[in-house]
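Student: Could we go through this structure together, beginning with the aromatic rings?

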Amino acid sequence: MRPLRNPAVQSALAWILAKWMQFCFATIRWTHVNQEAAEAVWAQGGGVLCVFWHSRIGLSPSCWPLDRAQPAKALISLSADGEFIAKAVARQGFPAVRGSSANKDKAEMAKGGSQALRDGLKQLKVGALAITPDGPRGPANVMAEGLPLMAKLSKAPVLFIGMSCSPAIRLDSWDRAILPLPFGKGAIVWDRADYPAGAEIADVVADWTPRLNAVEARADAITGLKS
């Protein structure tokens with residue numbers, strides 16, 4: 001049995017990871033760029049899609065202030081690794097919607113894809129939904145159609161979020177995931193989008209992908225994190 005498939009091991013490691021992340025977030029010196037875009041969305045309430053690449057999941061709780069932003073849930077895959085991540089994120093106030101942001105034409109084949117779409121749209125009626133549009137298996141920084149589909153159906157605004165910190169741990173994973181280290185520099189960069197009326201989903205993917213890359217690149221430039 002793989003260790004991450006053991007519920008007791010999952011819970012213990014998730015608790016350790018959550019505490020470590022909280023300690024790091026509290027000691028990092030953060031720079032915020034275009035935060036007014038996020039503040040406007042938080043002030044209006046209602047649904048919002050929070051979007052960042054899969055490699056930045058380990059930094060994601062740092063961008064969402066639970067004291068003034070909408071309540072948020074995270075779309076997390078049904079894999080064993082996804083269960084571990086879901087538990088770590090939930091311990092920081094972000095319960096999971098389980099499934100995948102897979103292409104709409106593959107939803108029935110994706111693990112929990114159809115149910116995740118329904119549950120995600122339900123969440124967007126009341127609060128925020130965090131999505132990694134290249135998850136759960138990549139390719140890295142390649143946007144699937146699930147994100148614009150949800151934006152189109154829900155009419156919720158989209159916040160592209162670039163997060164970075166340095167120094168950081170780079171995991172040997174398909175996305176080269178980042179975990180924070182304490183007492184370093186951090187950056188959070190926001191950009192807002194809305195689904196264009198009458199647009200084709202493929203065209204929206206082509207427009208939104210470089211915008212998400214841009215906020216991440218700017219965050220990395222601020223912290224000096226090397227690719």
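**Aromatic pairs and cysteines**

Tutor: Searching the whole structure gives seven aromatic pairs, where rings of Phe, Tyr and Trp (its six-membered ring) pair if their centres lie within 6.5 Å, and planes under 30 degrees apart count as stacked, over 60 as edge-to-face and the rest as tilted. The rings of tryptophan 20 and phenylalanine 23 have planes at 50 degrees and centres 6.1 Å apart, so this pair is tilted. This is a predicted model, in which local features need pLDDT of at least 70, side-chain atom pairs count only at pLDDT 80 or more, and totals for chains, interfaces and linings use all residues. Residues are numbered from 1 along each chain as its sequence is written, and side-chain values use heavy atoms, with hydrogens and water left out.

Student: Where do tryptophan 20 and phenylalanine 23 lie?

Tutor: Both are in helix H1 (residues 7–27), three residues apart, which is about one turn of the helix; helices (H or I, at least four residues) and strands (E, at least two) are DSSP runs, numbered from the N terminus.

Student: And is tryptophan 20 buried, exposed or partly exposed?

Tutor: Tryptophan 20 is partly exposed, at 35% relative accessibility, where buried means under 20% relative accessible area, exposed over 50%, and partly exposed in between (1.4 Å probe, protein chains only).

Student: New topic: how many disulfides are there?

Tutor: The count is zero, a disulfide being a pair of cysteine sulfur atoms within 2.5 Å.
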